[in-house]
Amino acid sequence: MRVISIIIMVSLLYACSLNSQASTWLLIDNFETNNLDGWQIADTQNNTSPFIANPQVTEIRTLGTNHYLIKKPAKDGIVGNRKALSYIALPEPVNVGEMYTFHTRILVESFPNNHAFGISNLAPKDIEEQAYNAFEPTLRVTDKFESNGYKNNGTLMVKIDNDDKYRQYSNIQNYALNKSARPLETKTWYNIWYVVNNQTLVNGGQTYDVYIQGGEFKEQTLVYKTANFRMKREMPLLYFFATTNTGPVKKPYGNGGLAYDDIYMAKGINLSYPTK
């Protein structure tokens, strides 16, 4: 426990020392223009029956004066939309050998659901062909059952390397308590920073660290160290990418929505709030 606390303290001090030297935030989207210009939306495995064209719900909503994106695989009660993709080009690529920090604010509208978001190094045609395998750094929100019967509980997850094909993700951690973080609370905004290391594998890259503020974490907190890129292609990162899935027709996951806001990127390690 003492060793873990020391590691966290050193990591935070190192991040803070670099933070003062980090570049400014670049806007990917905060939805305040109230349009989806630049976004590409595709339902690449639409098995709805009777068939519904373009079933995913990806739209801007307003709460008070704030605009945000809501994403659902389909309206409630509609099943069969297995890959509801949305993606937008980054304002600049993350070249091989570079480190960038991404910030995304999320809110779980409701469970049950199945969502993933992160960064891709593929071109649009390949994102739509590869779907989940288009991801590199990936964050996952779901409470669905896996094929082996394991039940996720709605805790934010990161991608890890694991020989067990059913355990390719890990819950974020509450290191102070030496246990998994709690499930995400619905109707609660979370700030998430993911520090992406696009160095080559041989140089210790293709990994990302995750910090969060919200829910049980009242202050910004390191919640996962050295998560793994999904594919490790060692290519420039090009797109912010999000997908969601109703699940199969016979065993649907649920169409609960996930809200997105304040999507930014900055070169280096930058753990400031981009909107302050």
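**The loop and its surroundings**

Modeller: Asn 54 sits in the loop between E2 and E3, two strands, that is, DSSP runs of E of at least two residues, numbered from the N terminus. The model is predicted, so local features are given only at pLDDT of at least 70 and side-chain atom pairs only at pLDDT 80 or more, whereas totals for chains, interfaces and linings use all residues. Residues are numbered from 1 along each chain as its sequence is written, and side-chain values rest on heavy atoms, without hydrogens and water.

Asn 54 has a phi near 50°, a positive value in a residue other than glycine. Its relative accessibility is 66%, so Asn 54 counts as exposed (over 50% relative accessible area; buried is under 20%, partly exposed in between, with a 1.4 Å probe and protein chains only). The loop also holds Pro 50, between strand E2 (39–43) and strand E3 (57–63). The bond that leads from Ser 49 into Pro 50 is cis, with omega near 0°. Most residues other than glycine have a negative phi, and most peptide bonds are trans.

Each feature has a counterpart elsewhere. A cis bond also joins Phe 111 to Pro 112, with omega about 0°, and Pro 112 lies in the loop between strand E6 (99–108) and strand E7 (114–120). Asp 262, likewise not a glycine, has a positive phi of about 50°. Asp 262, however, belongs to strand E17 (residues 258–267) and is buried, with a relative accessible area of 9%.

Finally, the whole structure contains one cavity of 30 Å³ or more (a set of points on a 1 Å grid over the protein atoms alone where a 1.4 Å probe fits but cannot get out). The residues lining the largest cavity include Ile 172, Arg 182, Tyr 190 and Phe 217; lining residues have an atom within 4 Å of a point.

Definitions and conventions: Helix = DSSP H or I, 4+ residues; strand = E, 2+ residues; numbered from the N terminus. 1 Å grid on protein atoms, 1.4 Å probe; cavity = no way out; pocket = protein on both sides within 12 Å on 5 of 7 lines; lining within 4 Å. Points joined across faces, edges and corners; volume = space filled by probe spheres on them.
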